[in-house]
Amino acid sequence: MATEYNITNYITVIDPQALTSISPTLLTISQAKDLWYKVKPCGRLVRPVAPTRIPGRYLSHQEGLPKLPVPSLQQTCERYLATLEPIVDEEELSHTKELLAEFQKAGGVGERLQKGLERRARKTENWLSDWWLTTAYLDYRMPVVVHSSPGVVLPRLEFSDRQGQMSETLPVEYLGGKQLCMNQYYQVLSSCRVPGLKRDSVVNHAHRSRPPTHITVVHNFQFFVLDVYNSDGTPLTVDQLYMQLEKVWSSSLQTNKEPIGILTSNQRNSWGKAYNNLIKDKTNKDSVRAIQKSIFTVCLDAPMPCVSDELYHSRAAVQMLHGGGSRWNSGNRWFDKTLQFIIGEDGSCGLMYEHAPAEGPPIVSLIDHVVEYTKKSEMVRTPMVPLPMPQKLRFNITPEIKKDIEKAKQNMNIMVHDLDVKVIVFSHFGKNVPKTHKMSPDAFIQMGLQLAYYRMYQRCCATYESASLRMFKLGRTDTIRSCSIDSANFVKAMDDPAKQKIEKVTLLEKAVKAHRAYTDMAIHGQAIDRHLLGLKLQAIEDLTSMPEIFMDTSYAVANHYNLSTSQVPAKTDCVMCFGPVAPDGYGVCYNPMAEHINFAVSAFNSCNETNAAHMAQRLEEALLDMRMLLESTPKAKL
């Protein structure tokens, strides 16, 4: 392990239980011991090593991965038409067929753009990755809060009181027997998004010859640098870290400080302008740089409003997503930071992450590792060496910066009031029931979502589900289009009294198989959405007129995702949450466990047609009805 970069070595986990009894006053030693067990490291840290110094294993693994393929033009056009059939009317579909026929003509614009993409694929490690980072994230000017950055709600866990020594290396992951690209794991620590006036960037300080050795801790809107290594390069022990965190806590009890972090929640162009103004001051610039360079940020939150047990998980979700508003903890964040671990005084704990460097699965894999690691018990002797006071980061607030903060507060509060989130634990069954009927659990859940939406709106809609492209070098995601001809046939038949149960089961089985086939196609780089995006961006790069297929109504409908969904499976009993991508849409994330499923459903209150609680209820009903259909039909019984 000593020679390999291990990203898990930096993670700090919080035991939320002890926080419930701690008030925001100066802690006694007794309280301090209690408090420590909610903020403690998962294990002994090792010296950070830049990826450029990794000998052999990581680099050879990456070099052995295949390149992302460019699908054939004809294949993508045919599959694109098939995905449009259940969501556009016949007249629009007929018009799109004509446009696609023209687009595919020999020697035409489509063939020329396809050849351009293929040239790009030959010359680059991944023809999509740079484009995707830019178009999906860095050029995106909406706030990262709600619109881009997911949150993760963790359970109230009991952690071991002792720490062990980290010795394992970061293992290579596999999917279907094939190695996955591990690059995203090396992008999440000591990295940060940086705002620009028109385009953002991402800085990663872990790649330097001397990676950072500090985290940042924020409490009552006040940021601190906490070094997690001693001067001799050895990591701080649990007791040392506790004492340092106690110092942070006790020296930041004032609650009247300006919430400088709330600036990071603003619309990106506005934040870019405010950022340039903020860092004109050298003290401010140095403080911002310290946050950006830190391994990650720990947010020690003030109490949130009390809610019933039924609403607890939903309230915890919004705390992780946006902090609850300027009155609560939205200023106790640096939303550009890739990783922020969040601990509330009531026991809430979780994290949020900025989406540009990585997808959800690597983040959840870290959570799984951390939670599992905290169960190990092995004492480490604490050196009797006095530690310096953690450095408080100073900000000089000018009248102009104060004005920017007030505007960011207003905008944040608008977002907070607009977001509707419902987290449910579907306790009736989990992966076990679909597996019993030889069905993919993910495909089964997706058909439940299709049925729930159809029952609410009497129509099918464009549906996004994230598919990993990590089988390929530097792979990110493509789209699984869960709404298909087969899913439409099933949801329309499900409540039709004229249809026999055996026919409904057959249609469900066919829809599940179609979704499984599309998923397999997507993870092997043969889906349509990133290919169509590549053709569109190739046209822009070639400075040619935009092809008509991208100006077509059908293309707009296909990319208006009323259902934006993601399965983020974890061993930990947690759930990820994010906002909708359409004003009249839903965001749905789920973690299917063996015997239950965690769902987070979001919608915007500003849309009268959507309601997260109603969608969650319809989803629960749909899944139960599907199980009943299978269990009450002779063909489905095993």
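**Sheets, helix contacts and buried cysteines**

Val423 has Ala600 in strand 20 as its bridge partner. This pair belongs to a predicted model, in which strand 14 and strand 20 (residues 597-604) run antiparallel and are joined by 8 bridges. The two strands are part of an open sheet of 6 strands with mixed pairing, in the order 14-20-19-17-15-16. Strand 14 (419-426) and strand 16 (477-481) form the edges; each has a single partner strand, so one side of each lacks a neighbour in the sheet. On average, and with direction ignored, neighbouring strands of this sheet are turned by 25° against each other. Helix 15 packs on the sheet and touches strand 15, strand 17 (563-567), strand 19 (586-592) and strand 20. The direction of helix 15 makes about 150° with that of strand 19.

Strand 19 is paired with strand 17 and with strand 20. With strand 17 the pairing is parallel and comprises 5 bridges; here Ser564 has Gly587 of strand 19 as its bridge partner. With strand 20 the pairing is antiparallel, over 6 bridges, and Cys589 is bridged to Ala600 of strand 20. A hairpin of 4 residues connects strand 19 to strand 20. Strand 19 is mostly covered, with 7 of its 7 residues buried. In a regular strand, side chains alternate between the two faces of the sheet. Both faces of strand 19 are covered: Tyr586, Val588, Tyr590 and Pro592 are buried on one side, and Gly587, Cys589 and Asn591 are buried on the other.

Cys461 is located in the loop between helix 15 (441-457) and strand 15 (463-468). The relative accessible area of Cys461 is 2%, and because buried means under 20%, this residue is classed as buried. Residues up to four places away in sequence aside, Cys461 touches Ile87, Tyr453, Cys483, Asn562 and Leu563. The C-alpha atoms of Cys461 and Gly585 are 9.7 Å apart, although the two residues are separated by 124 residues in sequence. Two further cysteines are also buried: Cys77 has a relative accessible area of 2%, and Cys607 has a relative accessibility of 13%. The structure contains 0 disulfides.

A second open sheet, also with mixed pairing, has 8 strands in the order 13-9-8-10-11-12-3-18. Strand 13 (391-392) and strand 18 (575-577) stand at its edges, and since each has a single partner strand, one side of each is without a neighbour in the sheet. Helix 8 (residues 238-250) packs on this sheet, where it touches strand 8, strand 9 (222-227) and strand 10, and its direction makes about 160° with that of strand 9. Strand 8 (residues 214-219) and strand 10 (residues 297-301) run parallel and are joined by 4 bridges. Val217 has Val298 in strand 10 as its bridge partner. Helix 11 (residues 309-322) lies across strand 3 (151-154), strand 10, strand 11 (339-344), strand 12 (349-353) and strand 18, at about 140° to strand 3.

Leu351 is placed in strand 12 and is buried, with a relative accessible area of 1%. Apart from neighbours within four places in sequence, the contacts of Leu351 are Pro150, Gly151, Val152, Met320, Gln340, Phe341, Ile342, Ile363 and Ile367. Leu351 and Met576 lie 225 residues apart in sequence, with a C-alpha to C-alpha distance of 9.3 Å.

Helix 18 takes part in two helix contacts described here. Helix 6 (residues 129-138) and helix 18 (residues 529-541) pack at an angle of about 90°, and their axes are 11 Å apart. Helix 6 is therefore roughly perpendicular to helix 18. In this contact, Trp131, Trp132 and Thr135 of helix 6 meet Arg530, Leu533, Gly534, Leu537, Gln538 and Glu541 of helix 18. By class, the residues of the contact are 4 nonpolar, 3 polar and 2 charged.

Helix 5 (residues 109-123) packs against helix 18 at an angle of about 95°, with the axes 9 Å apart. Helix 5 is therefore also roughly perpendicular to helix 18. Leu113, Gln114, Gly116, Leu117 and Arg120 in helix 5 are in contact with His531, Gly534, Leu535, Gln538, Ala539 and Glu541 in helix 18. The residues of this contact comprise 4 nonpolar, 5 polar and 2 charged.

Technical notes
Residues numbered from 1 in each chain as written. Predicted model: local features only at pLDDT ≥ 70, side-chain atom pairs only at ≥ 80, totals over all residues. Heavy atoms only, no water. Pairing = 2+ DSSP bridges. Contact = heavy atoms within 4.5 Å. Axes fitted to C-alpha atoms, helices over the stretch in contact; angles between N-to-C directions. Parallel < 35°, antiparallel > 145°, perpendicular 65-115°, else oblique. Nonpolar A, V, L, I, M, F, W, Y, C, P; charged D, E, K, R; others polar. Disulfide = S-S within 2.5 Å. Buried < 20%, exposed > 50% of the residue type's maximum accessible area, 1.4 Å probe, protein only.
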